[in-house]
Structure formats: C-alpha cells, structure tokens
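Subject: Structure handover

Hello,

Here is the structure you were waiting for. My notes follow below it.

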Amino acid sequence: MDYINKLKNLVIGDQCEEKVSKILPISDKEFSCKPDECHNKYKESCFELRGDAASLPLYESAKPADLHFLVSTGKTDWEHDAFEEENTILGLFATEAKKLGNECDISTSSNVTNQPLNIMDADYLSLNKLDVLLQPWFVWIKGLTKDNMVDIFRVVKDVVSKSKADESVRGTEGVILIERLKEFKYVRVEKDINRAYILLCSHRTRDKKCGITAPLMKKEFDSELQEHDLYRDASDDREGGAKVIFVNHVGGHKFAANVLVYNKNGEFVWFARCNPTNVKFIVNETVLNHKVYPKNIRACASHDAIRW
C-alpha cells in the first residue's frame with residue numbers, strides 16, 4: 001500500500017494543499033526556521049529520516065478523532081500497550097471508549113498522558129481512579145472509577161447523540177456534560193482553561209526515537225511559549241495558556257516527531273516529520289493565528305469553537 005501511495009504521489013501529487021485549504025487556512029510562512037534561531041541546541045541527527053519515512057506523502061496517513069480521550073497517568077513512558085497495565089482500570093476505560101465510538105458511529109481515540117495525578121489519593125496512584133480530558137470539547141471528567149464508569153459513558157453517549165442531531169449545540173458539549181453529570185457524587189466535570197494543547201509522543205517502550213525526540217521538542221516548545229506568555233507548568237492555573245503534554249503511541253512513529261495540536265477555537269492539526277526548527281511556526285502560525293502548513297500534515301479537522 002505504501003508503494004502504491006508513493007507511486008500515485010509521484011504521478012499526480014497528493015493534492016494536500018488543495019485538500020487542507022478546504023478545512024483550515026494555509027499560512028504563507030516557512031515551516032522551518034534556521035537551526036541557530038532555535039532557543040535550544042540539539043543534534044539534528046536525532047530527527048533524521050530516511051527512505052519511505054522521508055518521502056511518503058503524509059496527508060491522510062492518519063485520521064482525526066471525533067472524540068479524543070486523554071487519560072492522566074503522571075508518567076512519560078508506559079507498557080507496550082498502555083491500556084493493558086495490570087491492576088488498573090485503564091483496560092475497562094479503553095473498552096468503554098471504543099464501545100461509545102461504535103454505538104455513536106463516530107471515530108474515537110484514547111491516549112494516556114503525563115499530566116499529574118492527585119498523589120494524596122491511593123486510587124489515583126494505582127490508576128483505579130482517572131482524570132480524563134475530552135477533546136475537542138476542552139472539558140475534564142475527574143474521578144472516574146470502575147463503579148461509575150459505565151454510567152458516565154452513558155451520559156457522554158447522550159451528549160454525543162445530541163451534538164450529532166442538533167448543530168446549534170456544537171461547541172457547547174462541555175457545558176451540557178457539566179450539567180448532566182452534576183448528579184454524580186465524587187465526580188467533577190470542569191471546563192479546561194487553556195487555549196491549546198500540544199501533544200507529543202514520548203512512548204520510548206514502543207519506539208526509542210520518540211523517547212529521545214519528545215523531550216527535545218517539549219524543551220523548544222516551552223521556550224517559545226514563554227516568549228508569548230503562553231507557557232504553563234503544572235502549578236500555573238492562569239487561563240489562556242498552551243499546554244505541551246506527552247502521550248503514548250499515536251501511530252506513524254517512522255514520521256517522528258508527530259505533533260498533535262488542539263485549539264479551543266476549533267482547529268485540530270496533526271503535524272509530522274517535525275523537529276525543533278518547526279516549533280516557531282506551530283506556535284506563531286497554528287496556535288496563535290490558526291494557520292497550517294499542509295505538506296507536513298497527516299490529518300486535520302475543523303470543529304466548532306468552544307462556547308462556554
């Protein structure tokens with residue numbers, strides 16, 4: 001299949017710019033800056049790609065999710081299958097998320113992240129209580145357990161169905177979910193205060209290169225975000241920041257670094273073949289100005305802007 005796609009691209013082109021322009025605005029800026037313009041030094045060989053990884057067309061090599069579940073674990077690396085960690089409820093969560101997608105006829109995706117846990121609660125530390133960020137809704141469900149998970153997913157399913165049936169509620173799914181889950185004791189549903197999330201695969205167990213490149217990319221993103229007063233660490237609760245977080249396997253490791261961006265005003269962009277020279281573009285053009293560079297996009301989508 002890769003050979004067929006490569007041959008097709010050589011003959012007629014992948015038409016990525018035309019396709020992407022129908023979804024998101026395209027920037028006229030260069031995707032890469034010079035290496036000496038980066039905030040930090042890095043070995044360019046860390047990001048070197050060869051063969052098909054460097055030449056295959058990227059666009060439509062991945063699919064955007066209609067609903068993306070990001071589960072906090074406080075870790076930067078995980079088991080080969082992060083949702084099969086024993087003595088946790090991660091497996092149950094993955095099953096319910098997949099079931100929701102099938103029943104609602106939407107595409108769902110689940111990842112674990114390095115976002116911090118409540119270390120004062122033993123159930124969080126053992127991953128038998130979960131905090132989950134739902135994208136592109138920018139809303140948190142905090143306190144999922146084995147006992148309440150099925151009922152909570154039932155409510156999420158109702159909200160998805162309502163959103164599919166009524167365009168006027170799109171962008172307010174988080175508000176509806178907060179109202180619907182008020183009846184659940186020990187569960188908190190909260191609006192996320194950030195303007196954007198930048199996801200980097202750091203799953204060293206699945207691919208050593210991701211374990212090497214993700215920290216380098218995050219360091220450069222953090223430096224660039226600081227210039228715009230967008231950087232937020234775990235203790236910074238100011239609104240309007242852009243969070244850079246580590247996630248497990250997203251697919252397409254041969255195209256590393258993969259960078260997934262969710263903007264609160266509706267854009268989702270999955271960039272690939274990235275290195276620190278691309279960070280300025282992603283922050284300045286995608287996070288701040290909502291524009292993209294099509295040749296390095298694997299997938300993208302335009303959702304309704306969040307309305308609280």
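Of the contacts in the protein between residues at least 6 apart in sequence, 75% join residues at least 24 apart. Contact means heavy atoms within 4.5 Å.

Some ground rules. This is a predicted model, so local features need pLDDT of at least 70 and side-chain atom pairs count only at pLDDT 80 or more, while totals for chains, interfaces and linings use all residues. Residues are numbered from 1 along each chain as its sequence is written, and side-chain values use heavy atoms, with hydrogens and water left out.

**Overall**

The protein has nine helices and 10 strands. Both are DSSP runs numbered from the N terminus: helices are H or I with at least four residues, strands are E with at least two. The radius of gyration is 19 Å, which agrees with the value near 19 Å for a compact globule of 308 residues. That radius is taken over C-alpha atoms, and the globule rule is 2.2 Å times the number of residues to the power 0.38. The C-alpha trace spans about 55 × 40 × 40 Å along its principal axes.

Buried residues make up 52% of the 308. Buried means under 20% relative accessible area, exposed means over 50%, and partly exposed lies in between (1.4 Å probe, protein chains only). The accessible surface comes to about 14900 Å², and 47% of it belongs to carbon and sulfur atoms. Areas come from the Shrake-Rupley method with a 1.4 Å probe; for residues, only the protein chains shown count as cover.

On charges: the mean positions of the 44 positive and 48 negative charges are 1 Å apart. Lys and Arg count as positive, Asp and Glu as negative; His and the chain ends are not counted. Each charge is placed at NZ of Lys, CZ of Arg, CG of Asp or CD of Glu.

**β3, β4 and β5**

Strand β4 (residues 139-144) has six of its six residues buried, so the rest of the structure largely encloses it. It pairs with two strands. β3 (residues 130-135) is antiparallel to β4 over five bridges. Four bridges join β4 to β5 (residues 188-191), also in the antiparallel sense. Two strands pair if DSSP finds at least two bridges between them.

In the β5 pairing, Val139 stands opposite Lys191. The hairpin of β3 and β4 has three residues between the strands, and Phe138 there takes a positive phi near 55°. Pro136 is in the loop between β3 and β4. The peptide bond from Gln135 to Pro136 is cis, with omega near 10°.

Lys291 sits in the loop between α9 and β10 (297-302). It is partly exposed, at 34% relative accessible area. Leaving out residues up to four places away in sequence, Lys291 touches Pro25, Ile26, Ser27, Phe281, Glu285 and Thr286. His249 is 42 residues from Lys291 along the chain, and their C-alpha atoms are separated by 26 Å.

Five of the six residues of β10 are buried, so β10 is largely enclosed by the rest of the structure. It runs antiparallel to β9, joined by five bridges. Ala299 in β10 is the bridge partner of Trp270.

**Backbone points to check by eye**

Ala257 is in the loop between β7 and β8.

Tyr186 has a positive phi near 70° and is not a glycine. It is found in the loop between α7 (173-180) and β5. Tyr186 is exposed, with a relative accessible area of 78%.

Asp229 also has a positive phi, of about 55°, without being a glycine. It lies in the loop between α8 and β7. At 48% relative accessibility, Asp229 is partly exposed.

Best wishes
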